[in-house]
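Reader: I have the sequence and the model open side by side. Could we go through them with a few plain questions?

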Amino acid sequence: MLALTLLASALVVGLLLVPLGLPGLWVMLAATFGYWLAVPDGSVGVLTVIVVATLVIAAEVVEFTVAGRYARQYGGSRRASWGAIVGGLVGAVVGVPVPVVGSRVGAFAGAFAGALLAELTVPRERRGVPVQVAKGALIGRVVAAALKVGFGVAILFLVGAAGLVGRMAATG
């Protein structure tokens, strides 16, 4: 029961880290993997770990590509799309000097700046409205953050259900 309580706590903490731009999904994956190692005969098996790992990787891919897609939807070039992706990644890594949420703010600012600067390098007759394109990249980055929280909720329910079903089967 202690292992299941620790797993649940780690999953909740991981989920709370996601909106802050911290590696909460990776904490959730590590907790799931650790539980599987600690309780090898439990209901959280290798399939659950593989599914969680797949969801974490998918969430990371979604997070860094959605801003680019939104930049394109807002009239941006392919260059602006890549600018949003690279800018968001650089912004997340560098962050801004704001405690706890600096990486998230940096990712938002980076996506905006990357799309804006990249769109400004496109010849005038083929470019969209740079500020509008950058706004699209920013909106995409916000949508991506919300989607990542959704992935975290799905992981929480998936692993929680696996753990509870195993616990009920073991006591029933």
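Reader: In which helix is the place of Ser81?

Author: This is a predicted model, and the answer holds for that model. Leaving aside neighbours within four places in sequence, Ser81 is in contact with Gly68, Arg69, Ala71 and Arg72. The place of Ser81 itself is in helix α4.

Reader: Is Ser81 buried or exposed?

Author: The cut-off for buried is under 20% relative accessible area. Ser81 has a relative accessible area of 11%, so Ser81 counts as buried.

Reader: At roughly what angle do the axes of α3 and α4 cross?

Author: Helix α3 covers residues 46-73 and helix α4 covers residues 78-94. Their crossing is right-handed. The two axes come within 8 Å, and the crossing angle is roughly 145°.

Reader: How many charged residues has the contact of α3 with α4?

Author: On the α3 side are Phe64, Thr65, Ala67, Gly68, Arg69, Ala71 and Arg72. They meet Arg78, Ala80, Ser81, Ala84, Ile85, Gly88 and Leu89 in α4. By class, seven of the residues in this contact are nonpolar and four are polar, and the charged ones number three.

Reader: How do the directions of α2 and α3 relate, roughly parallel or roughly antiparallel?

Author: The axes of α2 and α3 come within 10 Å and cross at roughly 170°. Angles over 145 degrees fall in the antiparallel class. The crossing therefore makes α2, relative to α3, roughly antiparallel.

Reader: How many nonpolar residues are in the contact of α2 with α3?

Author: From α2 come Leu25, Trp26, Leu29, Thr32, Phe33 and Trp36. From α3 come Val46, Thr48, Val49, Val52, Ala53, Val56, Ile57, Ala59 and Glu60. Two of the residues in the contact of α2 with α3 are polar and one is charged, while the nonpolar count is 12.

Reader: Is the crossing of α1 and α2 left-handed or right-handed?

Author: The axes of α1 and helix α2, residues 24-38, come within 7 Å and cross at roughly 165°. That angle is why α1 counts as roughly antiparallel to α2. The hand of the crossing of α1 and α2 is left-handed.

Reader: Is Leu15 buried or exposed?

Author: Leu15 is found in helix α1, residues 2-17. Its contacts, leaving aside neighbours within four places in sequence, are Met28, Val149, Gly152, Val153 and Leu156. With a relative accessible area of 17%, Leu15 is under the 20% cut-off, so Leu15 is buried.

Reader: What distance separates the C-alpha atoms of Leu15 and Trp26?

Author: Leu15 and Trp26 are 11 residues apart along the chain. The separation of their C-alpha atoms is 9.8 Å.

Reader: How many helices does the chain have?

Author: Read along the sequence, the pattern is α-α-α-α-α-α. The chain has zero strands, and its helices number six.

Reader: What percentage of the residues in the chain is buried?

Author: Along its principal axes the C-alpha trace spans about 70 × 30 × 20 Å. The accessible surface of the chain comes to about 8900 Å², with 75% belonging to carbon and sulfur atoms. Of the 172 residues in the chain, the buried share is 40%.

Notes:
Residues are numbered from 1 along each chain as its sequence is written. This is a predicted model: local features need pLDDT of at least 70, side-chain atom pairs count only at pLDDT 80 or more; totals for chains, interfaces and linings use all residues. Side-chain values use heavy atoms; hydrogens and water are left out. Helices (H or I, at least four residues) and strands (E, at least two) are DSSP runs, numbered from the N terminus. Buried means under 20% relative accessible area, exposed over 50%, partly exposed in between (1.4 Å probe, protein chains only). Contact means heavy atoms within 4.5 Å. Axes are lines fitted to C-alpha atoms, for helices over the stretch in contact, and angles run from 0 to 180 degrees between N-to-C directions. A crossing is left-handed if the near helix is turned anticlockwise from the far one by less than a right angle, and right-handed if clockwise. Ala, Val, Leu, Ile, Met, Phe, Trp, Tyr, Cys and Pro count as nonpolar, Asp, Glu, Lys and Arg as charged, and the others, Gly among them, as polar. Angles under 35 degrees count as roughly parallel, over 145 as roughly antiparallel, 65 to 115 as roughly perpendicular and the rest as oblique. Accessible areas come from the Shrake-Rupley method with a 1.4 Å probe; for residues, only the protein chains shown count as cover.
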